[in-house]
Amino acid sequence: FESPTVVQFRVTAGSAHRNNVGTVHGAFLAALAENSMQLPMETRARGSITISLAYDYPAPATLDQEIAGEVRVVRETGRLVFVTIDLFQGSECVLH
């Protein structure tokens with residue numbers, strides 16, 4: 001793999017990202033995830049597009065608490081780069 005193969009980041013979602021049950025809106029988490037998956041491409045001499053995308057939300061994310069993300073390059077071919085992403089609050093996975 002070209003470097004980096006893992007990119008980590010942190011963000012805090014505030015009241016603007018609230019859903020109707022008082023937690024972080026899944027659409028915010030999905031947008032954060034999709035945009036963050038491009039981070040490993042920043043050091044590669046090529047752009048990126050999304051070919052396939054699926055998320056699971058195993059736990060709700062709490063407002064005003066840090067969300068930690070990790071994007072991992074799992075495979076690279078001549079033209080394609082396959083990545084995974086996980087978002088956590090503490091030890092709890094909120095998006096995979």
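In this predicted model, Arg 72 and Glu 70 are joined by a salt bridge whose closest N and O atoms lie 2.6 Å apart. Because the relative accessible area of Arg 72 is 36%, this residue is classed as partly exposed. Glu 70 is also partly exposed, since its relative accessible area is 22%, and the limit below which a residue counts as buried is 20%.

As for accessibility, Glu 66 is partly exposed because its relative accessible area is 43%. Arg 10 has a relative accessibility of 58% and therefore counts as exposed, the threshold for that class being over 50%. In general terms, side chains of opposite charge can pair when their charged atoms come close.

A further point of reference is Met 41, which is located in the loop between helix H1, residues 26-36, and strand S2. Its relative accessibility is 9%, so Met 41 counts as buried, the class defined by values under 20%. Met 41 and Glu 70 are 29 residues apart along the chain, and their C-alpha atoms are separated by 14 Å. Thus a buried residue, Met 41, can be located in relation to Glu 70, a partly exposed member of the salt bridge with Arg 72.

Terms used. Residues numbered from 1 in each chain as written. Predicted model: local features only at pLDDT ≥ 70, side-chain atom pairs only at ≥ 80, totals over all residues. Heavy atoms only, no water. Buried < 20%, exposed > 50% of the residue type's maximum accessible area, 1.4 Å probe, protein only. Salt bridge = Lys/Arg side-chain N within 4 Å of Asp/Glu carboxyl O. Helix = DSSP H or I, 4+ residues; strand = E, 2+ residues; numbered from the N terminus.
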